[in-house]
Amino acid sequence: MIILGLTGSIGMGKSTTAQMFIEEGVPVHDADAAVHRLYAGEAAPLIEAAFPGTVEDGVVDRAKLAEAVIGNPEAIKKLEAVIHPLVKADADRFLEENRQKGTPVVVLDIPLLFEKGNRHRVDKVVVVTAPADVQRERVLARPGMSEKKFEGILALQTPDEEKRKQADFIVETGYGLEHARTAVREILRQLKR
Ligand SMILES: CC(C)(COP(=O)(O)OP(=O)(O)OC[C@H]1O[C@@H](n2cnc3c(N)ncnc32)[C@H](O)[C@@H]1O)[C@@H](O)C(=O)NCCC(=O)NCCS
Ligand SMILES: Nc1ncnc2c1ncn2[C@@H]1O[C@H](COP(=O)(O)OP(=O)(O)OP(=O)(O)O)[C@@H](O)[C@H]1O
């Protein structure tokens, strides 16, 4: 089974590209989605213990948690120590299920593939990218986003240029959906050879 790692900085189009792999019949494990599930379940009590006041009715309030951690390196470290092992265990279950099914190619969608030493978990890396001005425009258009939060997140991420250098495949999302879809199909075609 070939494990493709899908990554990219904030707002580059990673989720949109992951959806394209799903549409091509490739199973995708989405680390962000796993975090969302965990925050509504088994991780909530652990988060409340580490960051009191960030959980309401058994569900982590992401805005409150973001306020507690973004721009605070110690807090981010503490949060990651709680959540990343749980996300990894979730991905490992996904891989095992697909190995048993004989799935030829799977995607692990890992936002922090380079940042957190996850490169060794995948065979090939797909980096999703777009010009910096397109990225900024997309991100600042999101509700609840501010210039300060955007800069705080960027500071935590490996620069796009560095990611692209380390990529096996690149998907450009600045030229529209069809352009990106063609790139996804081409990656799968190359892997089949
Ligand atoms: C800080 C939190 C509460 C902010 O939540 P919010 O819904 O506002 O933003 P969202 O999750 O969509 O993240 C926005 C951007 O920040 C990036 N990001 C999130 N956490 C981190 C991190 N620990 N380091 C670097 N970038 C991060 C995401 O990849 C994304 O590009 C949330 O991101 C979180 O709980 N992060 C810790 C878990 C984690 O590391 N997730 C990312 C990989 S699985
Ligand atoms: N190929 C594309 N062509 C045009 N627009 C795109 C393309 N890919 C993504 N977009 C747009 O860019 C925005 C961000 O995309 P998406 O949510 O997939 O980013 P992301 O990288 O997953 O973000 P984050 O890391 O913050 O979760 C969305 O509005 C999406 O519609």
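**Reading the ligand shells**

Author: By class, the shell around ligand 2 holds five nonpolar, seven polar and two charged residues, where Ala, Val, Leu, Ile, Met, Phe, Trp, Tyr, Cys and Pro count as nonpolar, Asp, Glu, Lys and Arg as charged, and the others, Gly among them, as polar. This is a predicted model, in which local features need pLDDT of at least 70 and side-chain atom pairs count only at pLDDT 80 or more, while totals for chains, interfaces and linings use all residues. Residues are numbered from 1 along each chain as its sequence is written, and chains are lettered from A and ligands numbered from 1 in the order in which they are written.

Reader: Which residues come nearest to ligand 2?

Author: A residue is near a molecule if its C-beta atom, placed from the backbone, lies within 6 Å of it. Of the 14 residues around ligand 2, the nearest are Gly13, Lys14, Ser15, Thr16 and Ala180. Helix H1 (14-23) and helix H9 (177-192) each give two or more residues to this shell, helices being DSSP runs of H or I with at least four residues, numbered from the N terminus.

Reader: How do the residues around ligand 1 divide by class?

Author: The shell around ligand 1 has 15 nonpolar residues, one polar and four charged, and H5 gives the most to it, with five residues.

Reader: From which domains does the shell around ligand 1 draw at least three residues?

Author: Domain bounds come from an automatic or database domain assignment. Here the shell around ligand 1 draws at least three residues from each of domain 1 (1-27 + 103-193) and domain 2 (33-90).
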